[in-house]
Amino acid sequence: MQILMSRLYLKKSREDALNRRHPWIFSGAVERVEGQLQTGATISVCNTSGTALAVGAYSPESQIRVRIWDFDPQAVIDKAFFTRRLQAAIAARNKQKPNSNARRLVYAEADGLPGLVVDRYADVLVCQFLAAGAEYHKALIVEVLQELLDCESVYERSDVSVREKEGLSPSAGLLAGREPDELLRIHENGLHYLVDIRQGHKTGFYLDQRDNRAFLSSCSQGAEVLNCFAYTGGFGLAALAGGASSVTNLDTSAPALQLAARNAQENGFAADRFVTIEADVFASLRQMQSENRSFDIIVLDPPKFIDNKKQLDRGARAYKDINLQALKLLRPGGLLFSFSCSGLMQVPLFQKIIADAALDAKCTGHIVRQLGQAEDHPISLNFPEAAYLKGFCIRKREAGHGY
Ligand code: SAH
């Protein structure tokens, strides 16, 4: 029972965001706080005259001072609360058909659980506690997850820099159950992938690209594919499964490429159809032009180039550069799959960057499809920040059509 909850008073006329059910309260909107203020503890959020509006998690070191747990000011944030929210998130996933035993079960704010990510890889849950409130309730959340889901292990991958903004240090390791195998085996659309949940990026695998892998696969019959920023071969394998004649995978990470090659082997693809090259994409795309190489399909799925507003211009130039170089290597009639996972890169700007790249590459094209994150990474209407992955599938046209 929460008896004496601390209270946070908003400045006058600063409750707009709350009225729109946006779950963040920035430090600039806070008039004062009263009571015992423990990092991550539950606080009652009031308007300037003291009327309670919502309850959230208090994070004194973060610019996002409160993340709202519930817009009902009477809500109690206890085991029953987490059980309800987690049940709802899981029930939503159970309505989806990912053709995989790996999926995101909880996507933080978009599932009403700010700062909490839970990904399922077969029988293992991998969690990230990215904000003070989620961290504060970690033990309870892990307990409820074990009660609701049949799983062998709950593992933590909160070794990410965003935790610094919350005054939290990195944290990773086993939280419950048995120590997971070194590599987990998942399946997706008839392919097997080995996932390294300890050393891998994010929680181990790019679950957000699932639908885009499937779409690439459906376009790949007979194609010679260049997979840039290949990581463990997600797109590359999907292309081979769809009948690509060969895939060249570029990445700077040797361990990622080793796992990619092993993934190709595990699925029975001949080594000469799946080439891995440890190289910088920016340099390789130029080098390949000088060698007069060309491809039917090129995938560009770079890491996040933009972390904050200051990096927007530099990031935009980097996106333009790889798209320009890739379009030069693409055969007329070929397909470019170009992504950005930077939340700050808006779709219209990204489209313009690709259009500018095409002009410079002296070609044009049609948008075959606009691409986004898989539905287990939902974007809630009151939290548009949940949208981060965007992409375009572009068909390059022959030059000289006059339009
Ligand atoms: N497409 C992948 C995910 C890509 S993540 C998938 O769907 O699974 C980004 C990858 O880019 C990482 O594997 C990282 O090692 C690699 N990378 C980052 N900078 C690079 C560069 N300049 N050249 C080549 N690879 C790079």
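# Briefing: domains, cores, ligand site and selected residues

Phe215 is found in helix 5, which spans residues 210-219. The structure is a predicted model. Its chain is split into domain 1 (7-70), domain 2 (79-177) and domain 3 (206-398).

**Phe215**

- Phe215 has a relative accessible area of 11% and is therefore buried, since the cut-off for that class is under 20%.
- Beyond its neighbours within four places in sequence, Phe215 is in contact with Phe337, Val368, Arg369, Leu371 and Cys393.
- Phe215 and Gly242 are separated by 27 residues in sequence, while their C-alpha atoms are 9.4 Å apart in space.

**Domains and nonpolar cores**

- The C-alpha centres of domain 1 and domain 3 are 41 Å apart.
- The largest nonpolar core contains 44 residues, and the ones with the most contacts inside it are Tyr121, Ile197, Ile297 and Phe337.
- Helix 6 (residues 234-241) contributes the most to this core, supplying five residues.
- Domain 2 (79-177) and domain 3 (206-398) each provide at least three residues to this core.
- Ile297 touches Leu216, Cys219, Ser220, Ala223, Glu224, Val225, Leu226, Leu330, Leu335 and Phe337, with residues up to four places away in sequence not counted.
- Another core, of 30 residues, lies apart from the largest one; among its members are Leu226, Ile298, Met345 and Ile354.
- In soluble globular proteins, nonpolar side chains tend to be buried together.

**Ligand site**

- There are 15 residues around the ligand, of which Phe229, Asp251, Asp280, Val281 and Asp301 come nearest.
- A polar side-chain atom of Asp280 is 2.6 Å from a nitrogen atom of the ligand.
- On its own the ligand has 580 Å² of accessible area, and the protein covers 90% of that.

**Ser338**

- Ser338 belongs to strand 18 (residues 330-340).
- With a relative accessible area of 1%, Ser338 is buried.
- The side chains of Ser338 and Asn323 are joined by a polar contact of 2.6 Å.
- Setting aside neighbours within four places in sequence, Ser338 is in contact with Leu300, Asn323, Phe350, Ile354, Lys390, Gly391 and Phe392.

**Arg67**

- Arg67 is placed in strand 6 (residues 64-70).
- Its relative accessible area is 13%, so Arg67 counts as buried.
- The Arg67 side chain makes polar contacts with two glutamate side chains: that of Glu109 at 2.7 Å and that of Glu166 at 3.0 Å.
- Apart from neighbours within four places in sequence, the residues in contact with Arg67 are Pro23, Trp24, Gly56, Ala57, Glu109, Pro114, Ala131 and Glu166.

**Ala261**

- Ala261 sits in helix 7 (residues 254-266).
- The relative accessibility of Ala261 is 34%, so this residue counts as partly exposed.
- With residues up to four places away in sequence not counted, Ala261 touches Phe274 and Thr276.
- Ala261 and Phe274 are 13 residues apart in sequence, and their C-alpha atoms are 7.3 Å apart in space.

**Positive phi in loops**

- Most residues other than glycine have a negative phi.
- Ala122 has a phi near 55°, which is positive although the residue is not glycine.
- Ala122 is located in the loop between strand 8 (116-121) and strand 9 (124-129).
- At 19% relative accessibility, Ala122 counts as buried, because the class takes in values under 20%.
- Asn189 also has a positive phi in a residue other than glycine, with a value near 45°.
- The loop that holds Asn189 runs between strand 12 (184-188) and strand 13 (191-195).
- Asn189 has a relative accessible area of 38% and is partly exposed.

Methods
Residues numbered from 1 in each chain as written. Predicted model: local features only at pLDDT ≥ 70, side-chain atom pairs only at ≥ 80, totals over all residues. Heavy atoms only, no water. Domains from an automatic or database assignment. Core = buried A, V, L, I, M, F, W, Y, C linked by side-chain atoms within 4.5 Å. Buried < 20%, exposed > 50% of the residue type's maximum accessible area, 1.4 Å probe, protein only. Helix = DSSP H or I, 4+ residues; strand = E, 2+ residues; numbered from the N terminus. Contact = heavy atoms within 4.5 Å. Near = heavy atom within 4 Å. Polar contact = N/O pair within 3.5 Å; in protein donor to acceptor, adjacent residues only side chain to side chain. Areas by Shrake-Rupley, 256 points an atom, 1.4 Å probe, with all protein chains shown as cover.
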